[in-house]
Amino acid sequence: MGNALRFLYRNCCEPTTQESNQYQYGGVPPTATATTTTGGVSALVHDLNQYQITSQVPEGLSELVVSSKKAQANWYTKLLQTWKEAKPAPKTPEQASKLVIQTLKHHQKADVEGLLKYYGLPLPHSLVKFELHTLPVDAKDIPDGDTLTVYVSAKDRREAPNVPKAVHVAVSQRTKARASKNYQKADVLHKNIIDAGYRVITGSNNKDILAKKYRIRLSGIDCPESKMPYGQEAKQELIKLVQGKCLLINVYTEDRYGRLVGDIHCNGKFIQEIMLKKGCAWHYAAYDKRPELIKWENAARVKRVGLWASPNPEKPWEWRKNKHDGN
């Protein structure tokens, strides 16, 4: 086991001399941030290797976690075993983060996040849970600049195994009802399908497509509400970007309203980036700490484009709070 870790460390992850001098036992200092390199992975492998030799955990780790050194040693014992059994072993920060989260899933959330921060690895909320590949988006399914409803074909590899039998039966009966011109029965059956979270959509070849409905909240941005200044402009910008197009959505989590929160990509373009750069949105820093988002917002502020043409635009979250409070 030790030889395997040392081989991986030397051949895949070993940091440079300059990098290794930056941390004790290979641990990234608390001020370090995640990067696109494998630095966090190499640091973790180094520390696992050191733990196997010395049974010591990194000194600086206690600054970011709440559990005792004894508990920390237990983590490293588990991680060491899990890493050995992983085939293939993690190579990217995302893979390493998932391994840590899965291995320590029964431990305190603060400890798991502290350990990830120590190595500059992605936190749980920033990991993609799954992808959605949508059908073309309809403009009527876009209520504002940061929310939309999308549909995914029930034949999609992820969706197909999960379609309820009752929905398949209703689709079949609806097709027969329409063929016999019993449109009233067909409408009732379609309502049942919709109530189950699906819809029958007419495709470009005039063939019916059974699709799963998802409500999406764009991660990391907050656009002006429809009744706020620049709210309609933000909505129209999102419509222009995605109407009639298929989207790739990286889903991170679900919010309290049942919407999936994620990043939207369309024809190779990152939609949140465009919305921020055009001054159609604020960086929603309370929920998403990615530095590139604030960078894109600041670029729009400097150019005074979009909502930043106003000298003092109202923050959407403050507008919602004032409305809720009745002010």
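What is the volume of the second largest pocket?

Analyst: The model is predicted, so local features need pLDDT of at least 70 and side-chain atom pairs pLDDT 80 or more, while totals for chains, interfaces and linings use all residues. Residues are numbered from 1 along each chain as its sequence is written, and side-chain values use heavy atoms, without hydrogens or water.

The second largest pocket has a volume of about 290 Å³ (an open set of points on a 1 Å grid where a 1.4 Å probe fits, with protein on both sides within 12 Å along at least five of seven lines; the volume is the space filled by probe spheres set on the points). Its lining numbers 16 residues (an atom within 4 Å of a point), and Leu135, Pro136, Asp138, Ile201 and Thr202 lie nearest the centre. The element that gives the most to this lining is strand S3, residues 198–202, with four residues (a strand is a DSSP run of at least two residues, a helix one of at least four). Sorted by class, the lining holds seven nonpolar, five polar and four charged residues (Asp, Glu, Lys and Arg count as charged; Gly is among the polar ones).

Strand S3 spans residues 198–202, and the ring of Tyr198 has the charged end of Lys212 over it, 4.9 Å from the ring centre (NZ of Lys or CZ of Arg within 6 Å of the centre and within 35 degrees of the ring normal). A further case is Arg158, whose charged end sits over the ring of Phe130, 3.8 Å from its centre.
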